[in-house]
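Okay, thanks for coming, everyone. Let me put the structure up and then walk you through a few spots in it.

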Amino acid sequence: MPDFHPFFHFDDDLAVQNAKPILKKPPLYRVILLNDDFTPMDFVIEVLTSFFGMPEEKATAVMLQVHTQGMGICGTYSKDVAETKVYIVNTYSHEHEYPLKCAMEEI
Ligand code: TYC
């Protein structure tokens with residue numbers, strides 16, 4: 001009878017397959033601005049130019065879109081960046097005592 005030793009068993013009889021790495025692209029988030037009846041239009045345009053890097057004309061168009069349609073898109077970002085933008089806008093609005101609200105949604 002052959003000697004049995006637990007440390008000398010090699011894996012000759014095991015079929016080994018290379019594992020395919022499962023990589024998923026990280027999700028993207030839309031940052032949106034919501035309409036309200038009180039925040040001045042100029043303030044919204046300032047938010048869009050300052051925090052989203054929009055030129056004045058684009059910021060005006062997005063502000064009017066929010067004003068007429070109820071919401072508009074400020075941009076698309078990774079989760080961390082979107083969360084930071086939302087936090088900055090909502091904090092800034094609150095500091096100026098305006099009800100302007102910014103939110104994010106996964107795409
Ligand atoms: N509706 C606001 C007004 O008439 C303007 C406004 C636009 C407010 C966009 C919020 O996200 C907003 N003064």
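So, which element gives the most to the shell around the ligand? That's α2, with three residues. Keep in mind that we're looking at a predicted model here.

Who else is in that shell? The residues surrounding the ligand are L33, L34, N35, D36, T39, M41, V44, M63, V66, H67 and L100. H67 has a polar side-chain atom 2.9 Å from a nitrogen atom of the ligand. On T39 it's a polar backbone atom, and that one sits 2.9 Å from a ligand nitrogen. And L34 uses its backbone too: an N or O atom there is 2.8 Å from an oxygen atom of the ligand. On its own, the ligand has 350 Å² of accessible area, and the protein covers 89% of that. As for elements giving two or more residues to the shell, we have β1 (29–34), α1 (41–52) and α2 (56–69).

Together with M71 and I73, L34 makes a nonpolar patch of about 220 Å². M71 belongs to strand β2, residues 71–77.

Last stop, N90, which is in helix α3, residues 79–95. Setting aside neighbours within four places in sequence, N90 is in contact with L100, K101 and C102. With C102, a polar atom of the N90 side chain lies 2.8 Å from the backbone nitrogen. And L100, you'll remember, is one of the residues around the ligand.

Notes: Residues are numbered from 1 along each chain as its sequence is written. This is a predicted model: local features need pLDDT of at least 70, side-chain atom pairs count only at pLDDT 80 or more; totals for chains, interfaces and linings use all residues. Side-chain values use heavy atoms; hydrogens and water are left out. Patches are made of residues with over 30% relative accessible area and no salt bridge: like charges are joined within 9 Å, nonpolar side chains (Val, Leu, Ile, Met, Phe, Trp, Tyr) within 5 Å. Accessible areas come from the Shrake-Rupley method with a 1.4 Å probe; for residues, only the protein chains shown count as cover. A salt bridge is a side-chain nitrogen of Lys or Arg within 4 Å of a carboxyl oxygen of Asp or Glu. Helices (H or I, at least four residues) and strands (E, at least two) are DSSP runs, numbered from the N terminus. A polar contact is a pair of N or O atoms within 3.5 Å; within protein, one must be able to donate a hydrogen and the other to accept it, and residues adjacent in sequence count only if both atoms are side-chain atoms. Contact means heavy atoms within 4.5 Å. A residue is near a molecule or strand if one of its heavy atoms lies within 4 Å of it.
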